[in-house]
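Open the model in your viewer and keep the sequence panel beside it. We will go from the whole chain to single residues, one selection at a time.

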Amino acid sequence: MSKGELLDAGKLSSCAISSFSLFEWDTAMKQIKLSGRELAVLRAIDYATGNTGTEIRDKTSIEGTEVADILNGLCEVGFVEINPYSDQVTLTNYADSLFEINPSYALQLKESMRRR
């Protein structure tokens, strides 16, 4: 019997269930694609403790307004969290704010960085 016949007949066996692969589900997930500047900013953020905006600017050598824009985009998508919470990252509030990698995306972001 094929999988479809088993499902239609309502006769699921343990071998039919085990033949469904989680690998198929994993490949269907959307892959994260980052620009070079986004990668530089993410690499500058310490996964364990996070970094302030000035530390990120110093590590990446990217202008402050551009760092604020990149961090704003990463926060909107949810890859980065800002502490204390703010709706938007601006040039005035990014310097002293602490930026951390969102633990929900940490493994996917590391994989994305490995591919590049």
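Start with the whole chain and its contacts (heavy atoms within 4.5 Å). Of the contacts in the protein with a separation of 6 or more, 58% are between residues 24 or more positions apart. This is a predicted model, in which local features need pLDDT of at least 70 and side-chain atom pairs count only at pLDDT 80 or more, while totals for chains, interfaces and linings use all residues. Residues are numbered from 1 along each chain as its sequence is written, and side-chain values use heavy atoms, with hydrogens and water left out.

Now colour by secondary structure. Along the sequence the pattern reads α-α-α-α-β-α-α-β-β-α. If you colour by accessibility instead, 33% of the 116 residues are buried; here buried means under 20% relative accessible area, exposed over 50% and partly exposed in between, with a 1.4 Å probe and protein chains only.

**Stop 1: the strands**

Select strand S3, residues 98-101. S3 pairs with strand S1 (residues 51-52) in the antiparallel sense over two bridges, and two strands count as paired if DSSP finds at least two bridges between them. Pick Asn51 and you will find Phe99 of S3 as its bridge partner. Strand S2 (residues 80-83) also runs antiparallel to S3, joined by four bridges. There, Glu81 has Glu100 in S3 as its bridge partner.

Which residues of S3 lie on its covered face? They are Phe99 and Ile101, while Leu98 and Glu100 are on the uncovered one. In a regular strand, side chains alternate between the two faces of the sheet.

**Stop 2: H4 against H5**

Next, select helix H4 (residues 36-44) and helix H5 (residues 53-60), whose axes come within 9 Å and cross at roughly 120°. That makes H4 oblique to H5: angles under 35 degrees count as roughly parallel, over 145 as roughly antiparallel, 65 to 115 as roughly perpendicular and the rest as oblique.

Show side chains at the contact: Ala40, Val41 and Ala44 in H4 meet Ile56, Lys59 and Thr60 in H5. By class, the contact of H4 with H5 has four nonpolar, one polar and one charged residues.

Stay on H4 and pick out its buried residues, Leu39, Val41, Leu42 and Ala44. They pack against S1, H5, helix H6 (64-77), S2, S3 and helix H7 (106-115).

**Stop 3**

**Stop 4: a loop residue**

Finally, select Lys30, in the loop between helix H3 (22-28) and H4. Is Lys30 buried or exposed? Lys30 is exposed, with a relative accessible area of 76%.

Key:
Axes fitted to C-alpha atoms, helices over the stretch in contact; angles between N-to-C directions. Nonpolar A, V, L, I, M, F, W, Y, C, P; charged D, E, K, R; others polar.
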